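Colleague: I am new to this structure and would be grateful for a close look at a single part of it, namely the sheet and the core that accompanies it. Please take me through that part in a connected account.

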Amino acid sequence: MPVPSINQCNMANIHSFESLAAVDGEGIRYDIFFTGCPLRCAYCHNPDTWHASSINMSAEEVMKKVIRYKPYFRNGGGVTFSGGEPLLNADFINELSEMLNKNGISYCIDTSGSVELSSAVMTAIDNADMVILDIKFHTPEDYKKYTGGDFEKFMSVGRYCTDNGKRLWLRTVIIPGINDTVEDIKCYAELVKNFKFEKYELLGFHTMGFFKYENLGIENPLKNSPAMNHEKLKDLQNALNTFLQNNRTN
Ligand code: SF4
């Protein structure tokens, strides 16, 4: 007899929850980190989300945890689905979304976009208040080299959000010696010029997750890389803002 998949049962494997978070979306967030990711980003600071944890929960069980934080979701706050890759759990998100909707709670999806645009994924995006999309590398070659993934998938998610008027934020992690030149930044601006998005934020590579590689016994491909310099990151963010502005006015 075939064994039902986790999603057919609308259960999800959860890595952890973070209450009263403030960075992954607007207002006060309740972050739900799923396990499982199709990518292996060289700079990943959450390699502990790659494989299943012991927390396997139904949408109803997760909803019971979320509802306690409803009073904090005023001023645009809500749930953020993160990971790992949250859109691997689109059926689960869609079931939970109905419960969130009944309780007037919105959600945001923080995704690498490294998934097929299945009908479940499109529904999860359609019902989201907002999508935060990682723009990891600006060429298919580097995308493959540093993440193992398919460049075209996240581009499809970006286009889908744009075509459907979904609120979109973009993010890129800047790594010293890999994608930290002004020329790189210009290429990122060019890559997203047909996306409609509210903001595009550069994040500095940091070394705070290095201990996880050691604990898990996983080779850390960037173990000799320094953290990104804050001043240089600010300069690159300013350069990006200028390139984006120029693209809009051209
Ligand atoms: S998509 Fe996120 S969780 Fe997955 S490997 Fe990349 S950085 Fe890590």
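Modeller: Two residues are in contact if their C-beta atoms, placed from the backbone, lie within 7 Å. The model under discussion is predicted. In that sense of contact, and leaving aside residues up to four places away in sequence, V79 touches Y30, I32, V66, L100, I105 and Y107. V79 also belongs to the largest nonpolar core, which has 61 residues; V79, I109, A124, A128, V131, L133 and L240 are those with the most contacts inside this core. Helix α2, residues 90–102, contributes the most to the core, namely 5 residues.

I turn now to the sheet. Its 8 strands form an open arrangement with mixed pairing, in the order β3-β1-β2-β4-β5-β6-β7-β8. The edges are taken by β3 (55–58) and β8 (199–204); each has a single partner strand, so one side of each is left without a neighbour in the sheet. On average, and with direction ignored, neighbouring strands are turned by 30 degrees against each other.

One pair may be followed in detail. Strand β1, residues 11–21, and strand β2, residues 29–34, run antiparallel and are paired over 5 bridges. Across this pairing, E18 stands opposite D31 in β2. Helix α8, residues 230–249, packs on the sheet, where it touches β7 (168–174) and β8. The direction of helix α8 makes about 160 degrees with that of β8.

How values were computed
Residues are numbered from 1 along each chain as its sequence is written. This is a predicted model: local features need pLDDT of at least 70, side-chain atom pairs count only at pLDDT 80 or more; totals for chains, interfaces and linings use all residues. A nonpolar core is a set of buried Ala, Val, Leu, Ile, Met, Phe, Trp, Tyr and Cys residues joined through C-beta atoms within 7 Å. A residue is buried if 20 or more other C-beta atoms lie within 10 Å of its own, exposed if 12 or fewer, and partly exposed in between; C-beta atoms are placed from the backbone. Helices (H or I, at least four residues) and strands (E, at least two) are DSSP runs, numbered from the N terminus. Two strands pair if DSSP finds at least two bridges between them. Axes are lines fitted to C-alpha atoms, for helices over the stretch in contact, and angles run from 0 to 180 degrees between N-to-C directions.
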